[in-house]
Amino acid sequence: MTIETPRGALRRPAELAPTIDVRGLVDSEGGLVDRAVFTDQQIYRQELRRVFAPSWLFLAHTDQFHKPGDFFTTYMGEDPVIVTLDRNRRVRAYLNSCRHRGARVCRADYGATRNFTCTYHGWSYDLEGKLVSVPNKAGYPESFDTGEWGLVEVPNVDSYLGLIFGTWNPAPVPLRESLGDMAWYMDAMLDHDDQGTVVVGGVHKWVLEGNWKLAAEQFATDWYHVNMSHASALMLLSPTGKGPKDEIVHRTGRQYASPNGHGAGFPVHPKNRFDAKTVHQWTDYAALRERLGDARVEGPLTNGHATVFPNFSYLPVNGSIRIWHPKGPDRMEVWAWTIVDKSMPPQVREAQRLYNLRTFGPSGIFEQDDGENWSEVQAVSHGFVTNSVPLNYQMGLGSERDDGRHPGSTSELYSDAAGRTFYARWRELMTTPAWHEEGK
Amino acid sequence: MTDGIRVAALDDITEGEGIAIAKAITGTDDDIALLRDTDGSVWALDDTCTHEDASLADGWVEDGYVECPLHSSKFCLKNGEVQGLPATRSTCPHRVEVRDGEVYLFPNQAP
């Protein structure tokens, strides 16, 4: 590890981190995935160190921090972290684990503080992560240097249009570069005007049985399930009670597939609109065309889905942003925020909040369909024979191209293209020693 | 010293928070924490927590008490009496007066 910590005579044996060659578990060219990637404990542990540790991971929204000491606690992979504003109002992130016996030094979900004090023995750290108080300090040897025992800091934290990301990688590809063309699609949600976005309400958190990748890949690549899985919800929301009109159900569109594992899909139509009536009526589509261009207003601005690899996803139509926290191979925690344009007046924000609550959220009529699918897939996948039968990701195979209108490589709306690149990126990281393995 | 030392304007101290006055100004052994309660009243205590090296002026002030920002020991704003572990010793209170929006401190005088 390049994160400098005193190690004394400690040496970690290599057997603690065995490496599985996963090259044979993903055939992204043929469109096949081995189900062991969803169920195996060793693969999961390898994901934590080779997929999560080196990647840019979503931490929080900038609107959650206004003054020094405001904090939010979350996870990077399974690592607990505190995100806070230091005394110079710089966003910092620290491993939420005391350097003494390892308990969390911040046990609240969010709030404001002056110090992070461990409730076990009272070691206390300031907003810069420095160890500032050790009860019974006189009992430690001369060699004990508090300067060596501050909170372990996430070495790189950056933000893109209000979204804060961090990575443990000490020398990462810069955030903006790692997003690549994905930023063009993200802007359609985050950059409606100069004022940016704010968070409304708190963070919804719920637990689902299901591997985290099932959710992440769906948001990257799956419009296919919409009319089937969400049939009842779509019927309920339609004026006739029979579902949307044929031209809407069978709308075509594009799906962006990034070589970095990101993905976004959206119907394409000149009259794409926001679903919440109040939001639709408030929206100045002409101004958005001016700012973002026709291709974005007629595409990823409204309806659609997206994942920033590995585990951050969003839905532009209702302002839902979420992270799929891995909790073992069989379980995830979903943490979901609602964001709105800061320029929206209160009644428009409220309309968007309520629309999101009804559709996507722990009680949302669409969200529940999705959670049921992921849990269903996971529930049976540990069967020996079941687990050995590969899954099909062949839709749209060979259809990827530069369409001249949307950046990067795109496929059809109904396609597994971004799923194939998602797993290709996963395979690439899983087979590449991370920075912390160098020299071993 | 009968008029006290003018140490701050009342508006300098946010309700629920405190500021530290250096011992060079107060002439005391320790800095003095000026602490403004949630009802707007102002109180003064020795600044250093009796448990560990921490500034009570950085603490949380609410309903007649200040809580140390490091280990949550609580002290009465009026008389400095310790309210519970991990601190075991009370701290020293000092007299404060507010006149015309100015805060006057009377170091080592009982409130």
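Predicted model: local features only at pLDDT ≥ 70, side-chain atom pairs only at ≥ 80, totals over all residues.
**Entry: confidence**

I began with the predictor's own scores. The complex has an ipTM of 0.77 and a pTM of 0.93. For chain B I found an average pLDDT of 94, and 98% of the residues there score at least 70.

**Entry: annotated domains**

Next I looked up the UniProt features. For chain A, UniProt gives "domain: Rieske" at residues 56–154, from an unreviewed entry. I checked how this span is built: 36% of it is strand and 0% is helix. Its end C-alpha atoms are 11 Å apart.

For chain B, UniProt again gives "domain: Rieske", here at residues 5–105 and also from an unreviewed entry. In the model, residues 5–105 of chain B are 39% strand and 4% helix, and the end C-alpha atoms of the span lie 5 Å apart.

**Entry: where the chains touch**

I then turned to the contact between chain A and chain B. How many residues does each chain bring to the contact? I counted twelve residues from chain A and eight residues from chain B.

The size of an interface is often expressed as the accessible area lost when the parts come together, so I looked that up as well. Chain A and chain B bury about 750 Å² between them, and 50% of that area is on carbon and sulfur atoms. I found that β8 (115–117) and β10 (131–133) of chain A each supply at least two residues of the side that touches chain B. I sorted the residues on that side of chain A by type and got four nonpolar, seven polar and one charged.

What polar links cross between the chains? I found four residue pairs in polar contact between chain A and chain B, with both residues at pLDDT 80 or more. The count of salt bridges between chain A and chain B is zero.

**Entry: salt bridges**

Side chains of opposite charge can pair when their charged atoms come close. I searched the whole structure and found 28 salt bridges over all chains. One of them joins the side chains of A:Glu153 and A:Arg92, at 2.6 Å from N to O. This pair links distant parts of the chain, with its residues 61 apart. A:Arg92 belongs to strand β6 (residues 91–95) of chain A, while A:Glu153 is in the loop between β10 and β11 (156–160).

**Entry: backbone exceptions**

Most peptide bonds are trans, and most residues other than glycine have a negative phi. I looked for exceptions.

In chain A, the peptide bond from A:Phe309 to A:Pro310 is cis, with omega near 5 degrees. A:Pro310 sits in the loop between β16 (305–308) and β17 (312–315).

In chain B, a cis peptide bond joins B:Leu85 to B:Pro86, with omega about 5 degrees. I placed B:Pro86 in the loop between β7 (74–76) and β8 (93–99) of chain B.

I located A:Asn136 in the loop between β10 and β11 of chain A.

Terms used:
Residues numbered from 1 in each chain as written. Chains lettered and ligands numbered in written order. Heavy atoms only, no water. Contact = heavy atoms within 4.5 Å. Buried area = accessible area lost by both parts, 1.4 Å probe. Salt bridge = Lys/Arg side-chain N within 4 Å of Asp/Glu carboxyl O. Polar contact = N/O pair within 3.5 Å; in protein donor to acceptor, adjacent residues only side chain to side chain. Nonpolar A, V, L, I, M, F, W, Y, C, P; charged D, E, K, R; others polar. UniProt positions renumbered as here; feature names shortened; annotations may be inferred. pLDDT = per-residue confidence, 0-100.
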